[in-house]
Amino acid sequence: MNIYRKIIRIWLAIASFIGFIAGWVFLSHTVETKTVTYVGNTAVEMPALQAIPTVGSANPNSAVNNVQTFTVNRQSQSLFSPFMRTGGS
Amino acid sequence: MQYHRFRAMNTAILLAAEGPQSAQAFEAAQNFIEQSEQRFTRFKETSELSTLNRSAEDWFTVSPEMLDVLILALECHRATAGLFDPSILPDLQAAGYTQSFDLLLERDSDPIPVTSPRSKRIPFDTIDIDSLQGQVRLPKGMRIDLGGIAKGWIAEKAAYKMAEYSATCGVNAGGDMFLIGQPHGQPMWEVALEDPRNPIQDLMILLVECGAVATSSVVKRSWKQGDLQRHHLIDPRTSEPAETPWLSVTVFAPKAVLAETFAKSILIVGPKDAQSLLDHNPDISFIAVDADGQIWKSPVEKEKVYEYA
């Protein structure tokens, strides 16, 4: 019975050591996580707005462009992807 | 956070909840969503909506749920200057959307016929609603589709069903979502904004407090009708699928019905008039994506938007 206990202890010690080394090697090769950048303060003062045309009287040339744009750097997106997604259905 | 996925309303549903009673929360929400789908679908002859559509010119007693959605639909119709209009159903069918989208996609070898132009549409605000008696009367010739509002309404109601079991929970019905509480270990909910040009990619992460997020897209539900490329967002001013430079619009709002109906309306009007739509609705903000991948957003945006570094 004693010999079996010793074998199990030795086996656990070896397995723990191998696991520790494997984890160390894995982490040392992992790409460093990149942080996200806040871009919410990019608002630009826009010109005064005109009222929206009523239904049936839309004139595509009558209104001003009053929303702004910003571009997105789309690198490394697989690093950070939450469960909740929105994209229409 | 625990998650539960299933399919209903012809779209993927994702429920999220924290705490030991998540399972009960999921069960309550799924039951509610499946029951509501039976009530509001236009693709089943026996649904309450189909029965209502056959009752034009007669007073029809509706369920409290249908009455609530119709009253909200009328309010949203007025708030969007008529751009959200459930009475576009005949136009939607004329554009080829005559069956559920899952079935429509299976028609590859069976082309959708091109139909002749329709006669003049009857505006939704001509509907009669007697909220005290719980009765509704559609004008002659009016048939309505609640697909543009019911999904958001269902998502919000289902989220509140879940909130009886979990203080932090959310419902995502095909991109129309309602979020309650603050996720453990996070300042806000993280919502990935899908790239409409490539749906397997995300454009950015949106950090959203409690409330509603909804996206309308001209890409997802689109099909060929003859030589014409069609989609499901009808512009009530033309009775045709909307011509817009934007591929998708995501709206943030305190109520799901507002988020869903404004997302459609803003997508229809495009960049020239989008902000004007929000003048009387300061609680609503949006992000739009155009065909070049350029992102547009309303000047007033309470949410913090983070891009990938």
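A nonpolar core is taken here as a set of buried Ala, Val, Leu, Ile, Met, Phe, Trp, Tyr and Cys residues joined through side-chain atoms within 4.5 Å, where buried means under 20% relative accessible area, exposed over 50% and partly exposed in between, with a 1.4 Å probe and protein chains only. The model is a predicted one, so local features need pLDDT of at least 70 and side-chain atom pairs count only at pLDDT 80 or more, while totals for chains, interfaces and linings use all residues. Side-chain values use heavy atoms, with hydrogens and water left out; residues are numbered from 1 along each chain as its sequence is written, and chains are lettered from A and ligands numbered from 1 in the order in which they are written.

As for B:I266, its contacts (heavy atoms within 4.5 Å) beyond four places in sequence are B:W246, B:V249, B:V251, B:A274, B:L277, B:L278 and B:F286.

Next up is B:S217, which sits in strand β10 (residues 211–217) of chain B and counts as buried because its relative accessibility is 2%. Not counting residues up to four places away, B:S217 touches A:G87 and A:G88 as well as B:H232, B:L233, B:L247, B:S248 and B:L267. Its polar contacts are pairs of N or O atoms within 3.5 Å; within protein, one must be able to donate a hydrogen and the other to accept it, and residues adjacent in sequence count only if both atoms are side-chain atoms. The B:S217 side chain gets to 2.9 Å from the backbone nitrogen of B:V219, and one of its polar atoms is 3.5 Å from the backbone oxygen of B:L247.

Chain A, for its part, has 1 helix and 3 strands, in the order α-β-β-β from the N terminus. Of its 89 residues, 18% count as buried. Within helix α1 (residues 2–28) of chain A lies A:W24, which counts as exposed because its relative accessibility is 57%.

Note on methods. Helix = DSSP H or I, 4+ residues; strand = E, 2+ residues; numbered from the N terminus.
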